[in-house]
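This briefing covers a single protein chain. Please look over the sequence and the model before reading the notes.

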Amino acid sequence: MSSGDLERGGGGGNGKNRANNYYQPSSTGPYYVESAEKQWTSWLVPMFVVANVAVFVVVMYINNCPRNNLGFEGRCVAKFLGRLSFQPLKENPLFGPSSNTLEKLGALEWNKVVHGNQGWRLITCIWLHAGVIHLLANMLSLVFIGIRLEQQFGFVRVGLIYLLSGFGGSILSSLFIQRNISVGASGALFGLLGAMLSELLTNWTIYTNKAAALFTLVVIIAINLAVGILPHVDNFAHIGGFLSGFLLGFVFLLRPQFGWVVRQNLPTDAPVKSKHTAYQYVFWVIAVVLLIVG
């Protein structure tokens with residue numbers, strides 16, 4: 001799930017052949033996908049996690065609470081960490097740096113993007129986090145969602161969806177949230193959730209337990225969107241990332257029909273299914289058009 005974050009307050013390896021069916025765990029029960037495609041080794045998602053943690057450590061080092069905290073909001077937290085210690089909880093309850101540090105290092109801030117020609121903030125804000133709690137929640141979500149997708153579709157497609165969805169979430173957020181700074185990977189994580197939904201829809205015929213798969217995913221998405229009702233959480237980034245990932249999933253996550261994948265094992269006179277169905281191509285064209293227009 002996505003984090004209940006303070007986002008506006010200041011988600012080619014070696015392939016191994018898989019036979020017939022593989023299990024997909026979910027929070028409500030198992031469902032199966034008919035597939036003879038290879039499974040990828042997930043390495044990009046773990047690297048994203050490492051990169052986010054490394055960036056947070058660097059941010060805390062630059063923040064240097066013992067030196068820069070003036071004491072108006074209280075004392076630094078966990079002072080035994082030295083210059084990695086956290087801002088006073090009155091200032092940042094998520095155990096993290098100051099808003100000034102985040103803004104200096106690339107947090108999304110509408111005025112600087114629009115009037116300061118700092119469009120790079122639309123990307124850098126995805127790699128910044130407001131605190132340890134924010135970072136932990138987002139990275140757990142990324143592991144839970146991203147590794148499964150990377151194993152099925154490879155690092156290139158999942159990496160593109162993650163980055164482009166984060167960018168889309170930043171754009172929508174900057175259009176509607178203009179008074180506060182923004183940090184966090186929630187837009188990118190919601191993009192992966194959106195891609196999971198469009199992947200289910202466009203590859204509908206290969207799922208053997210369609211109702212369970214759809215119900216599970218809809219519940220997960222609904223819970224995460226509900227988090228946006230909480231104070232200090234920006235649902236515009238969530239919605240922008242989700243819509244971007246949803247459309248990108250139709251473009252990047254098409255699966256061939258099972259009958260086409262195993263065609264080499266069929267008798268020579270057996271009819272062979274086409275690689276993709278007509279509705280998959282329709283979804284693909286509509287998604288491409290909407291992405292271009294949007």
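The model is predicted: local features need pLDDT of at least 70, side-chain atom pairs count only at pLDDT 80 or more, and totals for chains, interfaces and linings use all residues. Residues are numbered from 1 along each chain as its sequence is written, and side-chain values use heavy atoms, with hydrogens and water left out. The protein chain holds 12 helices and two strands, where helices (H or I, at least four residues) and strands (E, at least two) are DSSP runs numbered from the N terminus.

**Make-up and confidence**

- Read from the N terminus, the order of elements is β-β-α-α-α-α-α-α-α-α-α-α-α-α.
- The protein chain has 294 residues, of which 47% count as buried; buried means under 20% relative accessible area, exposed over 50%, and partly exposed in between (1.4 Å probe, protein chains only).
- The average pLDDT of the protein chain is 80, and 78% of the residues score at least 70; pLDDT is the predictor's confidence in each residue, from 0 to 100.
- Confidence is highest in helix α1 (residues 44-63), at a mean of 96, and lowest in strand β1 (residues 21-24), at 33.
- Over residues 1-32 pLDDT stays under 50, and the model has 114 contacts beyond four places in sequence for this stretch; contact means heavy atoms within 4.5 Å.
- Where pLDDT is low, the predicted coordinates should not be read in detail.

**Packing of α8 against α10**

- Two packed helices are described by the angle between their axes and the distance between the axes.
- Helix α8 (residues 186-202) packs on helix α10 (residues 235-252) at an angle of about 35°, and the axes are 6 Å apart; axes are lines fitted to C-alpha atoms, for helices over the stretch in contact, and angles run from 0 to 180 degrees between N-to-C directions.
- The crossing of α8 with α10 is right-handed; a crossing is left-handed if the near helix is turned anticlockwise from the far one by less than a right angle, and right-handed if clockwise.
- From α8 the contact includes F190, L193, L197 and L201, and from α10 it includes F242, F246 and F250.
- The residues of this contact of α8 with α10 are nine nonpolar, 10 polar and no charged; Ala, Val, Leu, Ile, Met, Phe, Trp, Tyr, Cys and Pro count as nonpolar, Asp, Glu, Lys and Arg as charged, and the others, Gly among them, as polar.

**Packing of α7 against α10**

- Helix α7 (residues 155-176) and α10 pack at an angle of about 145°, with axes 7 Å apart.
- α7 also passes α10 in a right-handed crossing.
- Among the residues that meet are R157, L164, S165 and G168 in α7, and G240, G241, S244 and L248 in α10.
- The contact of α7 with α10 is made of 10 nonpolar residues, eight polar and one charged.

**Single residues**

- F242 lies in helix α10 and counts as buried because its relative accessibility is 14%.
- Leaving aside neighbours within four places in sequence, F242 is in contact with G187, F190, G191, L193, G194, L197 and I221.
- F242 and S165 are 77 residues apart along the chain, and their C-alpha atoms are separated by 7.1 Å.
- I221 belongs to helix α9 (residues 210-227) and is buried, at 6% relative accessibility.
- Residues up to four places away in sequence not counted, I221 touches L193, L197 and F242.
- Not counting residues up to four places away in sequence, S244 touches L164, S165, G168 and L291.

**Salt bridges**

- The count comes to two salt bridges, a salt bridge being a side-chain nitrogen of Lys or Arg within 4 Å of a carboxyl oxygen of Asp or Glu.
- One joins the side chains of E199 and R255 (3.1 Å, N to O).
- This pair links distant parts of the chain, 56 residues apart: E199 is in helix α8, and R255 is in the loop between α10 and α11 (258-261).
- E199 is buried, at 0% relative accessibility, and R255 is buried, at 2%.
- K112 and E103 also meet in a salt bridge through their side chains (3.1 Å, N to O).
- K112 counts as partly exposed, at 26% relative accessibility, and E103 counts as partly exposed, at 22%.
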